[in-house]
Amino acid sequence: MTILNQLLKVPKRHTITAALPYANGPIHLGHLAGVYISADIYARFLRSNKEDVAFICGSDEHGAAITLRAKKEGKSPKEIVDIYHSSNKEVFEKLGVSFDIYDRTSDELHHQTAKELFLELECKGAFVKKESEQYYDPDFKQFLADRYISGTCPKCNAENAYGDQCEKCGSALSPTELINPKSTLSGKVPKLKKTTHWYLPLERHEKWLKDWINKGDYKGETLHDVKTWKNQVIGQCMSWINSGLQPRAITRDLDWGVKVPLKDGDGKVLYVWFDAPIGYISATKKWANENGKNWEEYWKGNDTNLVHFLAKDNIVFHTIIFPAILSELEGFILPKNVPANEFLNLEGQKLSTSRNWAVWANDYLNDFIGKEDVLRYVLCSIAPENKDSDFSWKDFQARNNNELCSIYGNFVNRSLVLTQKYYAGKVPGLGELNALDQNVLEELKEIPKQVEKDIRAFRFRDALSSAMSLARLGNKYLAETEPWKLIKTNPERVKTIMNISLQITANLTIIFEPFMPKKSTELAKLLNIDLKKWNNAGKENLISEGHQINNPIILFTKIEDVDIEKQIEKLKSSSQKKSKFSPMKDEITFDEFSKMDIRVGVIKAADKVEKADKLLKLTVDTGIDIRTVVSGIAEHFKPEDIIGKTVSVLLNLAPRKIRGVESQGMILMAESEDGELSFVSPSKAIKAGNTIR
Ligand SMILES: [Zn+2]
């Protein structure tokens with residue numbers, strides 16, 4: 001087949017996958033903007049265009065992060081995934097994310113599928129088996145999965161990076177790369193011990209992957225136009241490939257997951273990165289079984305458009321590792337595109353679930369009932385399509401009030417209200433068209449084409465902005481023609497204006513359906529019409545003369561300052577609760593610790609230090625001498641109140657001059673989360689000079 005034919009080929013069906021959310025936590029706005037809203041717009045548009053779509057998602061329920069969380073909360077892994085599977089599923093439903101199936105990888109059919117595909121690959125010699133040394137926790141008598149090891153990231157120096165990935169900089173890591181590795185089970189330094197695993201030798205795939213990613217070429221055919229792939233996706237792939245692909249272990253020593261279906265695979269499961277993308281295939285199987293479809297067409301048909309939606313931390317798994325697996329399996333196709341998004345920041349800061357710097361979808365849905373589509377609208381407007389973007393509550397409010405209320409809502413409301421007022425809700429007939437009318441109808445025809453073009457190219461922000469231009473057009477048309485004035489002088493002309501306004505309104509229901517499905521349905525109800533398919537978009541006769549519309553209600557309501565302030569306050573206070581405590585400092589040896597000479601002391605005198613509001617000059621009996629210590633506690637204690645106090649003193653701190661007074665040591669203080677200070681003293685009476693260790 002020639003390149004041209006291949007590129008012109010219209011796909012018969014679409015398999016659209018959205019990254020499987022990990023079932024150990026709730027969904028937040030970053031997930032939605034990064035993956036699910038874009039994927040849903042794409043799927044909804046194609047369905048509206050009467051194309052065959054399988055929109056696949058589900059919970060990723062395996063992996064060590066889940067067993068780890070279960071251990072921490074004293075629950076079983078099953079209990080953890082049950083909680084998050086059902087709550088995340090509910091969030092997607094409420095937001096109108098229209099998955100054809102929301103499956104789960106703990107499902108029996110998935111286990112069976114993953115085992116079958118593993119065995120097919122094993123039979124073909126697609127793996128290599130080898131012995132290696134891996135971290136082992138002797139206290140817990142178990143090998144440590146990557147997530148059970150934490151340490152300092154060798155790339156960005158962030159503390160608490162995991163053995164497979166640093167969440168701070170997104171680098172993929174292997175446990176042995178971590179600086180100062182620690183077992184998260186015992187907190188101790190893990191030991192290296194021998195174990196055997198199956199590896200996917202990615203280096204065997206390097207050459208074809210390079211051609212496929214750079215040129216779209218695979219086995220003598222051009223499968224896709226590389227110009228349709230995002231630069232950052234190709235860039236990330238090439239940086240991986242150019243640094244040399246390494247064999248990647250696809251099994252783990254763990255008891256939660258898909259068991260390795262071989263005799264010598266006892267105590268081992270498939271690695272979650274091998275098992276999760278296969279989850280797309282098993283979910284498609286399940287959906288096909290339940291809907292009388294043939295799943296193989298959706299994964300093996302050359303006329304199938306396979307598209308993976310995900311965020312940038314997932315790119316290489318879908319462009320290198322999963323394609324390497326698919327290429328070894330009999331008959332499977334490769335993705336046509338992987339339109340990965342970058343990250344969404346929050347109020348100018350990186351979103352962080354560990355610091356609770358996040359807006360949780362569930363909280364939003366509870367606080368903004370009926371405003372599900374507003375969130376979809378805003379997240380699409382600011383989607384991090386080509387670079388990181390920022391969500392702020394003020395911007396959210398502005399987009400709702402100034403765009404949805406003032407433009408879309410205002411136009412729709414005017415055309416419905418005036419039709420009620422002038423014609424008792426009966427659509428008036430179209431009269432003679434003037435130049436303005438003709439221009440407006442011409443634009444009406446063009447806008448859906450632009451929206452479609454942008455959606456097909458994964459430019460959802462542009463597509464939404466084009467869709468919004470139709471509402472702007474309507475708003476401008478009414479502002480220029482002023483039917484509320486003309487009604488007195490030229491009522492015939494007003495009929496034409498109102499007819500055109502209602503046609504634009506009816507068109508809004510179609511072209512906004514992928515973006516704001518609930519509002520489109522509501523608006524169609526107000527117009528008393530069925531929600532029409534995409535092939536009707538741009539038509540100037542969607543509603544006929546004499547058609548009775550319903551009484552208008554307001555589609556979008558303003559969001560008040562107090563509601564936004566509440567959200568900002570909530571974000572700040574909930575993030576502080578979790579971030580108050582600083583992370584642990586770098587490990588020190590016992591020798592380093594024992595160099596510190598800390599002793600019990602008694603304060604003999606306390607005086608203010610001149611021109612220093614925070615400092616007190618303390619005279620301390622250390623048992624071996626009487627010395628001066630300057631301490632920053634003047635705002636917390638009156639000098640007269642602390643004389644006679646038993647305290648802890650670090651004696652061998654190098655002396656230094658503070659405000660002209662030489663301080664010989666340091667008094668240890670405990671500080672509460674509100675910044676209140678208290679002395680650290682022995683719980684029994686112990687004389688000055690006794691050591692603290
Ligand atoms: Zn890092």
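## Exercises on a predicted model

Strands β18 (residues 598–609) and β21 (residues 646–650) run antiparallel to each other and pair over 5 bridges. Keep in mind that you're looking at a predicted model. Let's work through it.

**Exercise 1. Is P639 buried, exposed or partly exposed? Work out what P639 touches, too.**

Step 1. Locate the residue: P639 is in helix α21 (residues 639–642).

Step 2. Count the neighbours. P639 has 16 C-beta neighbours inside 10 Å. Buried takes 20 or more and exposed takes 12 or fewer, so a count in between means partly exposed. That's why P639 counts as partly exposed.

Step 3. List the contacts. Leaving out residues up to four places away in sequence, P639 touches A606, D607, K608 and L616.

Step 4. Compare sequence and space for P639 and K617: they are 22 residues apart in sequence, and their C-alpha atoms are 9.0 Å apart.

**Exercise 2. Work out the strand order of the open sheet that contains β6, β7 and β8.**

Step 1. Read off the order: the 3 strands go β7-β6-β8, with antiparallel pairing.

Step 2. Pick out the edges. These are β7 (161–162) and β8 (179–183), each of which pairs on one side only.

Step 3. Zoom in on one pairing. Strand β6 (residues 149–152) and β7 run antiparallel and are joined by 2 bridges. G151 has A161 of β7 as its bridge partner.

**Exercise 3. How do helices α7 and α10 pack, and which residues make the contact?**

Step 1. Take the geometry. Helix α7 (residues 231–242) packs against helix α10 (residues 315–328) at an angle of about 60 degrees, and their axes are 10 Å apart.

Step 2. Name the arrangement: that angle makes α7 oblique to α10. The crossing in which α7 passes α10 is right-handed.

Step 3. Find the residues. V233, Q236, C237 and W240 of α7 meet I315, V316, T319 and I320 of α10.

Step 4. Sort them by class: the contact of α7 with α10 has 6 nonpolar residues, 2 polar ones and no charged ones.

Step 5. Look at the spacing. An α-helix has 3.6 residues a turn, so residues three or four places apart point the same way.

**Exercise 4. How many residues of helix α12 are buried, and what covers them?**

Step 1. Count: 8 of the 10 residues of α12 (residues 372–381) are buried, so the helix is mostly covered.

Step 2. Name some of the buried ones, including D373, R376, Y377 and C380.

Step 3. See what's around them. The cover includes α2 (29–48), α11 (361–367), α13 (393–423), α15 (460–481) and α18 (517–526).

Step 4. Zoom out: the chain has 21 helices and 27 strands, and 41% of its 693 residues count as buried.

How values were computed. Residues numbered from 1 in each chain as written. Predicted model: local features only at pLDDT ≥ 70, side-chain atom pairs only at ≥ 80, totals over all residues. Pairing = 2+ DSSP bridges. Helix = DSSP H or I, 4+ residues; strand = E, 2+ residues; numbered from the N terminus. Contact = placed C-beta atoms within 7 Å. Axes fitted to C-alpha atoms, helices over the stretch in contact; angles between N-to-C directions. Parallel < 35°, antiparallel > 145°, perpendicular 65-115°, else oblique. Left-handed = near helix turned anticlockwise from the far one by under 90°. Nonpolar A, V, L, I, M, F, W, Y, C, P; charged D, E, K, R; others polar.
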